[in-house]
Amino acid sequence: MKAVVKIPTSLRGLTGGSSIVEVPTGRLSEVITSLTDTYPELGERLLDEAGDLRRFVNVFVDDDDIRFLDHLETTVSPGQVVTILPAVAGG
Amino acid sequence: MSLSYQDLVDAAKQEIPEVDPAQLSDLIGNVAILDVRESDEYDQGAIATAKLVPRGLLEGTIATHAHDPNERIVVYCAGGARSALAALTLKRMGYSSVSSLRGGFGRWKNEGYPWGLPETLTGDQRGRYSRHILLPEVGEEGQIRLLQSKALIVGAGGLGSPAALYLAAAGVGTIGIVDFDVVDTTNLQRQILHNIDRVGQSKVESARETLASLNPDVKILTYNERLTADNVLQILSGYDVVVDGGDNFPTRYLVNDAALHLRIPVVHGSIFRFEGQVTVFEPYKGPCYRCQYAEPPPPELAPSCAEAGVLGVLPGIIGSLQAMETLKILLGIGDNLRGRLLTFDGLSQEFTTLNIRRDPSCPACSSESHPPQLVEYDQSCTPAGVVARAG
(Lines give C-alpha, C1' and ligand atoms only; values in the text may rest on other atoms or scores of the structure.)
Protein backbone atom coordinates (compact mmCIF):
# COMPACT_ATOMS: atom_id res chain seq x y z
CA MET A 1 0.00 0.00 0.00
CA LYS A 2 1.27 3.42 -0.91
CA ALA A 3 0.92 6.88 0.60
CA VAL A 4 -0.60 9.82 -1.24
CA VAL A 5 0.60 13.37 -1.69
CA LYS A 6 -1.97 16.16 -2.02
CA ILE A 7 -0.80 18.76 -4.51
CA PRO A 8 -2.13 22.32 -4.02
CA THR A 9 -3.81 24.08 -6.93
CA SER A 10 -0.90 26.46 -7.38
CA LEU A 11 1.50 23.56 -8.07
CA ARG A 12 -0.77 21.37 -10.17
CA GLY A 13 0.62 22.88 -13.34
CA LEU A 14 3.82 20.99 -12.50
CA THR A 15 2.09 17.64 -11.96
CA GLY A 16 0.13 17.58 -15.20
CA GLY A 17 -2.96 18.75 -13.31
CA SER A 18 -2.91 15.89 -10.80
CA SER A 19 -4.21 16.83 -7.37
CA ILE A 20 -3.28 13.51 -5.76
CA VAL A 21 -0.12 11.55 -6.48
CA GLU A 22 0.54 8.06 -5.12
CA VAL A 23 4.05 7.55 -3.77
CA PRO A 24 6.00 4.70 -2.17
CA THR A 25 6.29 4.98 1.60
CA GLY A 26 9.49 5.59 3.54
CA ARG A 27 11.18 8.67 4.91
CA LEU A 28 9.65 11.96 3.71
CA SER A 29 12.86 12.77 1.82
CA GLU A 30 12.39 9.55 -0.14
CA VAL A 31 8.76 10.39 -0.80
CA ILE A 32 9.77 13.77 -2.16
CA THR A 33 12.55 12.27 -4.26
CA SER A 34 10.05 9.87 -5.77
CA LEU A 35 7.72 12.76 -6.46
CA THR A 36 10.38 14.93 -8.03
CA ASP A 37 11.78 12.07 -10.12
CA THR A 38 8.38 11.96 -11.77
CA TYR A 39 7.88 15.74 -11.82
CA PRO A 40 11.33 17.38 -11.95
CA GLU A 41 9.94 20.93 -12.14
CA LEU A 42 8.05 20.32 -8.91
CA GLY A 43 11.37 19.44 -7.28
CA GLU A 44 12.79 22.84 -8.16
CA ARG A 45 9.81 24.47 -6.53
CA LEU A 46 9.88 22.47 -3.33
CA LEU A 47 13.60 22.14 -2.66
CA ASP A 48 16.43 24.64 -2.57
CA GLU A 49 19.93 24.08 -3.98
CA ALA A 50 20.98 22.28 -0.79
CA GLY A 51 18.05 19.88 -1.08
CA ASP A 52 16.14 21.36 1.86
CA LEU A 53 12.48 22.26 1.71
CA ARG A 54 11.97 25.88 0.72
CA ARG A 55 10.75 28.01 3.59
CA PHE A 56 7.42 28.89 2.00
CA VAL A 57 6.54 25.22 1.62
CA ASN A 58 4.59 23.71 4.49
CA VAL A 59 4.37 19.94 4.54
CA PHE A 60 2.05 17.95 6.74
CA VAL A 61 2.03 14.19 7.28
CA ASP A 62 -1.58 13.45 8.08
CA ASP A 63 -2.54 16.34 10.38
CA ASP A 64 0.91 17.37 11.61
CA ASP A 65 3.51 19.81 10.35
CA ILE A 66 6.77 17.99 9.64
CA ARG A 67 8.70 20.86 11.28
CA PHE A 68 7.36 19.48 14.56
CA LEU A 69 7.94 15.87 13.57
CA ASP A 70 11.29 14.81 12.11
CA HIS A 71 11.43 17.19 9.15
CA LEU A 72 12.57 15.31 6.04
CA GLU A 73 13.32 12.26 8.19
CA THR A 74 9.65 11.88 9.14
CA THR A 75 8.39 8.40 8.35
CA VAL A 76 5.53 8.22 5.89
CA SER A 77 3.61 5.00 6.39
CA PRO A 78 1.22 3.22 4.07
CA GLY A 79 -2.12 5.01 3.89
CA GLN A 80 -0.80 8.27 5.24
CA VAL A 81 -1.51 11.54 3.47
CA VAL A 82 1.23 14.08 2.76
CA THR A 83 -0.17 17.58 2.26
CA ILE A 84 1.87 20.29 0.58
CA LEU A 85 0.46 23.64 1.61
CA PRO A 86 1.75 27.01 0.47
CA ALA A 87 0.29 30.24 1.81
CA VAL A 88 -2.37 31.85 -0.32
CA ALA A 89 -3.15 35.53 -0.07
CA GLY A 90 -6.36 36.09 -2.00
CA GLY A 91 -9.22 37.78 -0.27
CA MET B 1 -57.44 18.43 48.13
CA SER B 2 -56.65 21.62 46.25
CA LEU B 3 -53.87 24.00 47.20
CA SER B 4 -53.87 27.77 46.84
CA TYR B 5 -50.88 29.73 45.55
CA GLN B 6 -50.13 30.76 49.13
CA ASP B 7 -50.27 27.13 50.25
CA LEU B 8 -47.68 26.27 47.59
CA VAL B 9 -45.42 29.13 48.60
CA ASP B 10 -45.70 28.27 52.30
CA ALA B 11 -44.91 24.63 51.56
CA ALA B 12 -41.90 25.62 49.50
CA LYS B 13 -40.59 27.80 52.29
CA GLN B 14 -40.81 24.83 54.63
CA GLU B 15 -38.52 22.87 52.34
CA ILE B 16 -35.92 25.39 51.25
CA PRO B 17 -33.78 27.69 53.37
CA GLU B 18 -34.13 31.45 53.12
CA VAL B 19 -31.37 34.03 53.52
CA ASP B 20 -31.70 37.65 54.62
CA PRO B 21 -30.25 40.51 52.57
CA ALA B 22 -27.42 40.86 55.11
CA GLN B 23 -26.48 37.21 54.67
CA LEU B 24 -26.60 37.45 50.88
CA SER B 25 -24.47 40.58 50.97
CA ASP B 26 -21.77 38.62 52.79
CA LEU B 27 -22.01 35.79 50.26
CA ILE B 28 -21.58 37.90 47.11
CA GLY B 29 -18.64 36.64 45.12
CA ASN B 30 -19.04 33.11 46.48
CA VAL B 31 -22.53 32.37 45.31
CA ALA B 32 -24.48 32.31 42.05
CA ILE B 33 -27.40 34.74 42.23
CA LEU B 34 -30.39 34.12 40.00
CA ASP B 35 -33.08 36.73 39.40
CA VAL B 36 -36.25 34.84 38.51
CA ARG B 37 -38.43 37.87 37.85
CA GLU B 38 -39.65 38.84 34.40
CA SER B 39 -37.33 40.84 32.18
CA ASP B 40 -39.38 44.05 32.51
CA GLU B 41 -38.98 43.90 36.30
CA TYR B 42 -35.26 43.14 35.96
CA ASP B 43 -34.82 46.12 33.63
CA GLN B 44 -35.99 48.45 36.42
CA GLY B 45 -33.12 47.40 38.67
CA ALA B 46 -31.34 44.30 39.91
CA ILE B 47 -28.48 43.04 42.08
CA ALA B 48 -25.34 43.67 40.04
CA THR B 49 -24.01 40.12 39.82
CA ALA B 50 -27.39 38.46 39.32
CA LYS B 51 -28.26 36.52 36.20
CA LEU B 52 -31.73 36.97 34.80
CA VAL B 53 -33.47 33.60 34.53
CA PRO B 54 -37.20 34.32 34.32
CA ARG B 55 -39.26 31.77 36.26
CA GLY B 56 -40.85 30.45 33.08
CA LEU B 57 -37.46 29.57 31.61
CA LEU B 58 -35.88 28.25 34.79
CA GLU B 59 -36.12 24.51 34.28
CA GLY B 60 -35.14 24.70 30.62
CA THR B 61 -32.11 26.93 30.98
CA ILE B 62 -30.70 26.37 34.46
CA ALA B 63 -28.07 23.94 33.16
CA THR B 64 -26.44 26.76 31.20
CA HIS B 65 -26.29 29.03 34.26
CA ALA B 66 -25.30 26.53 36.94
CA HIS B 67 -23.08 23.68 35.77
CA ASP B 68 -22.33 22.23 39.19
CA PRO B 69 -25.32 20.80 41.10
CA ASN B 70 -23.46 21.41 44.35
CA GLU B 71 -22.83 25.10 43.57
CA ARG B 72 -24.30 27.47 46.14
CA ILE B 73 -27.21 29.35 44.57
CA VAL B 74 -29.42 32.13 45.92
CA VAL B 75 -32.62 32.86 44.02
CA TYR B 76 -34.59 36.05 44.34
CA CYS B 77 -37.74 37.63 42.98
CA ALA B 78 -39.64 40.76 43.95
CA GLY B 79 -40.96 39.63 47.32
CA GLY B 80 -39.70 36.12 48.01
CA ALA B 81 -42.65 34.01 46.87
CA ARG B 82 -41.75 33.12 43.27
CA SER B 83 -38.15 32.58 44.33
CA ALA B 84 -39.24 30.07 47.00
CA LEU B 85 -41.08 28.08 44.35
CA ALA B 86 -38.10 28.38 41.98
CA ALA B 87 -35.68 27.24 44.67
CA LEU B 88 -37.85 24.23 45.42
CA THR B 89 -37.88 23.32 41.73
CA LEU B 90 -34.09 23.55 41.59
CA LYS B 91 -33.81 21.38 44.68
CA ARG B 92 -35.96 18.75 43.02
CA MET B 93 -33.80 18.98 39.92
CA GLY B 94 -30.82 17.99 42.01
CA TYR B 95 -29.30 21.33 43.00
CA SER B 96 -28.31 20.67 46.57
CA SER B 97 -27.51 24.12 47.93
CA VAL B 98 -30.26 26.50 46.89
CA SER B 99 -31.80 29.19 49.03
CA SER B 100 -34.26 32.00 48.49
CA LEU B 101 -33.85 35.67 49.38
CA ARG B 102 -36.33 36.45 52.15
CA GLY B 103 -38.36 39.51 51.19
CA GLY B 104 -36.87 39.51 47.69
CA PHE B 105 -35.42 42.43 45.80
CA GLY B 106 -37.87 44.82 47.49
CA ARG B 107 -36.42 44.14 50.90
CA TRP B 108 -32.85 44.15 49.53
CA LYS B 109 -33.43 47.64 48.15
CA ASN B 110 -35.26 48.92 51.23
CA GLU B 111 -32.42 47.85 53.47
CA GLY B 112 -30.00 49.88 51.37
CA TYR B 113 -28.00 47.16 49.70
CA PRO B 114 -26.47 48.04 46.32
CA TRP B 115 -28.32 47.53 43.06
CA GLY B 116 -28.21 49.03 39.62
CA LEU B 117 -29.88 49.27 36.27
CA PRO B 118 -28.64 46.29 34.28
CA GLU B 119 -27.39 46.54 30.71
CA THR B 120 -30.40 45.39 28.80
CA LEU B 121 -31.73 45.10 25.29
CA THR B 122 -34.56 47.24 23.99
CA GLY B 123 -37.80 45.60 22.97
CA ASP B 124 -36.82 45.95 19.31
CA GLN B 125 -33.46 44.32 20.00
CA ARG B 126 -35.12 41.42 21.82
CA GLY B 127 -37.06 40.82 18.64
CA ARG B 128 -34.19 41.30 16.20
CA TYR B 129 -31.84 39.04 18.12
CA SER B 130 -34.42 36.57 19.43
CA ARG B 131 -32.83 33.61 17.63
CA HIS B 132 -29.53 34.43 19.32
CA ILE B 133 -31.12 34.96 22.70
CA LEU B 134 -32.74 31.53 22.49
CA LEU B 135 -29.31 29.93 22.29
CA PRO B 136 -28.15 29.08 25.82
CA GLU B 137 -24.56 29.83 24.73
CA VAL B 138 -25.52 33.39 23.75
CA GLY B 139 -28.60 34.53 25.61
CA GLU B 140 -29.32 38.16 26.41
CA GLU B 141 -26.00 38.48 28.20
CA GLY B 142 -24.09 37.32 25.10
CA GLN B 143 -26.06 39.58 22.82
CA ILE B 144 -25.25 42.56 25.03
CA ARG B 145 -21.62 41.50 24.84
CA LEU B 146 -21.77 41.45 21.04
CA LEU B 147 -23.35 44.90 20.99
CA GLN B 148 -20.47 46.16 23.10
CA SER B 149 -17.83 44.48 20.91
CA LYS B 150 -15.61 45.95 18.23
CA ALA B 151 -14.39 44.08 15.16
CA LEU B 152 -12.11 45.44 12.47
CA ILE B 153 -12.37 43.96 9.00
CA VAL B 154 -9.34 44.33 6.76
CA GLY B 155 -10.60 44.41 3.20
CA ALA B 156 -14.15 45.04 1.96
CA GLY B 157 -13.72 42.45 -0.78
CA GLY B 158 -14.61 38.80 -1.24
CA LEU B 159 -13.90 37.71 2.34
CA GLY B 160 -14.77 40.99 4.03
CA SER B 161 -18.21 41.09 2.41
CA PRO B 162 -19.81 38.02 3.99
CA ALA B 163 -17.88 38.55 7.22
CA ALA B 164 -19.12 42.14 7.54
CA LEU B 165 -22.69 41.24 6.64
CA TYR B 166 -22.92 38.45 9.20
CA LEU B 167 -21.16 40.40 11.95
CA ALA B 168 -23.45 43.38 11.36
CA ALA B 169 -26.52 41.17 11.27
CA ALA B 170 -25.35 39.55 14.52
CA GLY B 171 -25.23 42.95 16.20
CA VAL B 172 -21.50 43.36 16.69
CA GLY B 173 -21.76 46.92 17.97
CA THR B 174 -18.81 48.51 16.23
CA ILE B 175 -17.45 47.33 12.91
CA GLY B 176 -14.44 49.01 11.35
CA ILE B 177 -13.63 48.44 7.68
CA VAL B 178 -10.31 49.22 6.03
CA ASP B 179 -10.00 49.38 2.25
CA PHE B 180 -8.59 51.98 -0.11
CA ASP B 181 -10.14 50.60 -3.28
CA VAL B 182 -13.24 51.54 -5.25
CA VAL B 183 -16.00 49.22 -6.44
CA ASP B 184 -15.69 47.97 -10.00
CA THR B 185 -17.87 45.61 -11.98
CA THR B 186 -15.43 42.69 -11.71
CA ASN B 187 -15.96 42.75 -7.92
CA LEU B 188 -19.67 42.06 -8.07
CA GLN B 189 -19.35 38.34 -8.88
CA ARG B 190 -18.35 37.75 -5.23
CA GLN B 191 -18.17 40.96 -3.19
CA ILE B 192 -21.75 40.99 -1.98
CA LEU B 193 -21.46 44.16 0.07
CA HIS B 194 -21.53 46.12 -3.17
CA ASN B 195 -23.90 46.50 -6.11
CA ILE B 196 -24.12 47.95 -9.58
CA ASP B 197 -25.14 51.39 -8.31
CA ARG B 198 -21.95 51.66 -6.28
CA VAL B 199 -19.47 51.15 -9.13
CA GLY B 200 -16.84 53.86 -8.81
CA GLN B 201 -17.71 54.52 -5.16
CA SER B 202 -15.21 53.78 -2.39
CA LYS B 203 -15.65 50.24 -1.07
CA VAL B 204 -15.79 51.36 2.54
CA GLU B 205 -18.58 53.84 1.79
CA SER B 206 -20.47 51.21 -0.15
CA ALA B 207 -19.99 48.82 2.79
CA ARG B 208 -21.27 51.45 5.21
CA GLU B 209 -24.47 51.91 3.21
CA THR B 210 -25.13 48.19 2.97
CA LEU B 211 -24.45 47.47 6.62
CA ALA B 212 -26.36 50.51 7.91
CA SER B 213 -29.45 49.39 6.02
CA LEU B 214 -29.09 45.89 7.43
CA ASN B 215 -28.72 46.84 11.08
CA PRO B 216 -28.94 50.37 12.48
CA ASP B 217 -27.65 49.12 15.85
CA VAL B 218 -24.16 48.86 14.39
CA LYS B 219 -21.71 51.73 14.36
CA ILE B 220 -19.66 51.55 11.16
CA LEU B 221 -16.20 53.13 11.14
CA THR B 222 -14.54 53.40 7.75
CA TYR B 223 -10.87 53.75 6.89
CA ASN B 224 -10.55 54.65 3.22
CA GLU B 225 -6.82 54.11 3.15
CA ARG B 226 -4.12 51.51 2.69
CA LEU B 227 -2.77 49.91 5.85
CA THR B 228 0.81 51.05 6.33
CA ALA B 229 3.48 50.73 8.97
CA ASP B 230 2.62 54.29 9.99
CA ASN B 231 -1.14 53.91 10.45
CA VAL B 232 -1.64 50.24 11.31
CA LEU B 233 -1.33 50.55 15.09
CA GLN B 234 -3.63 53.53 15.23
CA ILE B 235 -6.28 51.81 13.11
CA LEU B 236 -6.19 48.43 14.88
CA SER B 237 -6.00 49.90 18.36
CA GLY B 238 -9.12 49.48 20.47
CA TYR B 239 -10.63 46.61 18.49
CA ASP B 240 -11.38 43.29 20.17
CA VAL B 241 -10.64 41.24 17.07
CA VAL B 242 -9.31 41.70 13.54
CA VAL B 243 -10.79 39.83 10.60
CA ASP B 244 -8.07 39.52 7.97
CA GLY B 245 -9.61 39.48 4.53
CA GLY B 246 -6.71 41.20 2.80
CA ASP B 247 -5.62 40.31 -0.71
CA ASN B 248 -1.83 40.48 -0.52
CA PHE B 249 1.03 39.12 1.55
CA PRO B 250 2.63 42.41 2.69
CA THR B 251 -0.65 43.53 4.30
CA ARG B 252 -1.16 40.16 5.95
CA TYR B 253 2.31 40.21 7.53
CA LEU B 254 1.79 43.81 8.62
CA VAL B 255 -1.57 42.98 10.23
CA ASN B 256 0.09 40.07 12.00
CA ASP B 257 2.89 42.27 13.34
CA ALA B 258 0.56 45.01 14.55
CA ALA B 259 -1.77 42.47 16.19
CA LEU B 260 1.23 41.15 18.13
CA HIS B 261 2.00 44.67 19.34
CA LEU B 262 -1.61 45.17 20.44
CA ARG B 263 -2.28 41.55 21.48
CA ILE B 264 -5.43 41.40 19.36
CA PRO B 265 -6.57 38.05 17.90
CA VAL B 266 -6.66 37.81 14.12
CA VAL B 267 -9.20 35.66 12.33
CA HIS B 268 -7.36 34.73 9.17
CA GLY B 269 -8.98 33.79 5.89
CA SER B 270 -7.34 33.43 2.50
CA ILE B 271 -8.44 32.03 -0.84
CA PHE B 272 -7.07 30.85 -4.17
CA ARG B 273 -9.30 29.75 -7.05
CA PHE B 274 -11.29 26.92 -5.39
CA GLU B 275 -9.31 26.60 -2.14
CA GLY B 276 -9.41 28.45 1.12
CA GLN B 277 -7.77 28.51 4.54
CA VAL B 278 -9.10 29.70 7.88
CA THR B 279 -7.44 29.91 11.27
CA VAL B 280 -7.19 32.09 14.36
CA PHE B 281 -3.91 33.69 15.36
CA GLU B 282 -4.08 34.59 19.06
CA PRO B 283 -0.96 36.53 19.98
CA TYR B 284 1.41 34.59 22.22
CA LYS B 285 -1.22 31.91 22.94
CA GLY B 286 -0.85 30.09 19.64
CA PRO B 287 1.03 30.40 16.38
CA CYS B 288 1.13 33.69 14.50
CA TYR B 289 0.99 34.12 10.75
CA ARG B 290 4.76 34.11 10.47
CA CYS B 291 5.06 30.94 12.58
CA GLN B 292 3.00 29.23 9.94
CA TYR B 293 4.24 31.03 6.88
CA ALA B 294 7.80 32.13 7.51
CA GLU B 295 7.88 33.66 4.06
CA PRO B 296 5.41 34.04 1.20
CA PRO B 297 5.68 31.95 -1.96
CA PRO B 298 7.27 33.65 -4.96
CA PRO B 299 4.72 35.81 -6.81
CA GLU B 300 4.36 33.40 -9.72
CA LEU B 301 3.09 30.73 -7.30
CA ALA B 302 0.68 33.03 -5.51
CA PRO B 303 -1.16 35.10 -8.07
CA SER B 304 -4.02 37.29 -6.86
CA CYS B 305 -7.70 36.65 -7.57
CA ALA B 306 -7.41 39.27 -10.32
CA GLU B 307 -4.70 37.21 -11.99
CA ALA B 308 -5.76 33.65 -11.18
CA GLY B 309 -9.53 33.91 -10.88
CA VAL B 310 -11.73 32.70 -8.03
CA LEU B 311 -15.10 31.00 -7.93
CA GLY B 312 -17.40 33.66 -6.49
CA VAL B 313 -18.97 31.55 -3.77
CA LEU B 314 -15.59 30.49 -2.31
CA PRO B 315 -15.05 33.72 -0.33
CA GLY B 316 -18.66 33.39 0.79
CA ILE B 317 -17.77 30.10 2.48
CA ILE B 318 -14.42 31.19 3.90
CA GLY B 319 -15.61 34.67 4.96
CA SER B 320 -18.61 33.11 6.70
CA LEU B 321 -16.30 30.77 8.61
CA GLN B 322 -14.31 33.84 9.64
CA ALA B 323 -17.52 35.45 10.90
CA MET B 324 -18.26 32.29 12.90
CA GLU B 325 -14.82 32.32 14.51
CA THR B 326 -15.12 36.03 15.23
CA LEU B 327 -18.46 35.65 17.00
CA LYS B 328 -17.11 32.74 19.07
CA ILE B 329 -14.13 34.82 20.14
CA LEU B 330 -16.32 37.80 21.05
CA LEU B 331 -18.76 35.60 22.98
CA GLY B 332 -16.03 33.49 24.57
CA ILE B 333 -17.72 30.24 23.52
CA GLY B 334 -16.64 27.04 21.83
CA ASP B 335 -13.19 26.11 20.60
CA ASN B 336 -11.84 28.54 18.07
CA LEU B 337 -9.34 27.56 15.39
CA ARG B 338 -6.27 28.64 17.36
CA GLY B 339 -3.61 26.03 16.61
CA ARG B 340 -5.65 24.51 13.80
CA LEU B 341 -5.67 25.42 10.14
CA LEU B 342 -8.91 24.60 8.37
CA THR B 343 -8.44 24.09 4.66
CA PHE B 344 -11.25 23.84 2.15
CA ASP B 345 -11.11 22.46 -1.37
CA GLY B 346 -14.26 23.39 -3.23
CA LEU B 347 -13.64 21.06 -6.15
CA SER B 348 -13.47 17.94 -4.01
CA GLN B 349 -15.77 19.56 -1.41
CA GLU B 350 -13.37 18.58 1.38
CA PHE B 351 -12.54 20.26 4.64
CA THR B 352 -9.28 19.27 6.35
CA THR B 353 -8.01 20.39 9.74
CA LEU B 354 -4.26 20.53 10.19
CA ASN B 355 -2.44 21.12 13.47
CA ILE B 356 -0.28 24.22 13.54
CA ARG B 357 2.04 25.31 16.34
CA ARG B 358 3.97 28.27 17.62
CA ASP B 359 7.49 28.28 16.26
CA PRO B 360 9.86 28.87 19.20
CA SER B 361 12.25 30.60 16.81
CA CYS B 362 9.60 32.71 15.08
CA PRO B 363 11.13 36.10 14.22
CA ALA B 364 7.79 37.80 14.97
CA CYS B 365 6.37 36.25 18.13
CA SER B 366 9.08 34.28 19.93
CA SER B 367 9.57 37.12 22.45
CA GLU B 368 6.50 38.83 23.87
CA SER B 369 8.63 41.68 25.17
CA HIS B 370 10.01 42.28 21.67
CA PRO B 371 7.30 42.44 19.01
CA PRO B 372 8.32 42.84 15.36
CA GLN B 373 9.43 46.15 13.98
CA LEU B 374 6.66 47.63 11.84
CA VAL B 375 7.92 48.25 8.32
CA GLU B 376 6.51 48.50 4.80
CA TYR B 377 7.04 45.03 3.42
CA ASP B 378 7.83 44.43 -0.20
CA GLN B 379 6.78 41.18 -1.89
CA SER B 380 9.47 39.23 -0.04
CA CYS B 381 8.00 40.23 3.38
CA THR B 382 11.43 39.74 4.97
CA PRO B 383 11.34 40.23 8.76
CA ALA B 384 12.89 43.53 9.81
CA GLY B 385 13.85 42.62 13.37
CA VAL B 386 12.13 43.37 16.63
CA VAL B 387 11.67 46.34 18.93
CA ALA B 388 11.22 46.62 22.68
CA ARG B 389 7.54 46.57 23.59
CA ALA B 390 6.18 50.02 24.32
CA GLY B 391 4.60 50.48 27.74
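Me: Why does B:Tyr284 count as partly exposed?
Reply: This is a predicted model, in which local features need pLDDT of at least 70 and side-chain atom pairs count only at pLDDT 80 or more, while totals for chains, interfaces and linings use all residues. Residues are numbered from 1 along each chain as its sequence is written, chains are lettered from A and ligands numbered from 1 in the order in which they are written. A residue is buried if 20 or more other C-beta atoms (placed from the backbone) lie within 10 Å of its own, exposed if 12 or fewer do, and partly exposed in between. B:Tyr284 falls in the class in between because its number of C-beta neighbours inside 10 Å is 13.

Me: Where in chain B is B:Tyr284 found?
Reply: Helices (H or I, at least four residues) and strands (E, at least two) are DSSP runs, numbered from the N terminus. Most residues other than glycine have a negative phi. B:Tyr284, although not a glycine, has a positive phi of about 70°. In chain B this residue is found in the loop between strand 11 and helix 14 (289-292).

Me: Is B:Arg273 buried or exposed?
Reply: B:Arg273 is another residue that is not a glycine but has a positive phi, of about 60°. It lies in the loop between strand 10 (266-272) and strand 11 (275-281) of chain B. Because 21 other C-beta atoms are within 10 Å, B:Arg273 is buried.

Me: How many of the ten residues of helix 10 of chain B are buried?
Reply: Helix 10 covers residues 160-169 and is mostly covered. Among its buried residues are B:Gly160, B:Pro162, B:Ala164 and B:Leu167. The cover includes strand 6 (150-154), strand 7 (174-178) and helix 16 (313-331) of chain B. Of the ten residues of helix 10, the number buried is eight.

Me: Which residues have the most contacts inside the largest nonpolar core?
Reply: A nonpolar core is a set of buried Ala, Val, Leu, Ile, Met, Phe, Trp, Tyr and Cys residues joined through C-beta atoms within 7 Å. The largest one has 70 residues, and its largest share, eight residues, comes from helix 16 of chain B. The residues with the most contacts inside this core are B:Ala164, B:Ile175 and B:Val242.

Me: Which residues is B:Ser202 in contact with, leaving aside its neighbours within four places in sequence?
Reply: B:Ser202 lies in the loop between strand 7 and helix 11 of chain B. It is partly exposed, with 17 other C-beta atoms within 10 Å. Two residues are in contact if their C-beta atoms, placed from the backbone, lie within 7 Å. With neighbours within four places left out, the contacts of B:Ser202 are B:Val182 and B:Asn224.

Me: Which strand supplies the largest share of the side of chain B that touches chain A?
Reply: On this side, 35 residues of chain B are in contact with 19 residues of chain A. Helix 13 (249-262), strand 10, strand 11 and strand 13 (350-355) of chain B each supply at least two of the residues on the side of chain B that touches chain A. The largest share, four residues, comes from strand 10.

Me: What percentage of the 391 residues in chain B is buried?
Reply: Chain B contains 16 helices and 13 strands. Its C-alpha trace spans about 85 × 50 × 40 Å along the principal axes. Of the 391 residues in the chain, the buried ones make up 44%.
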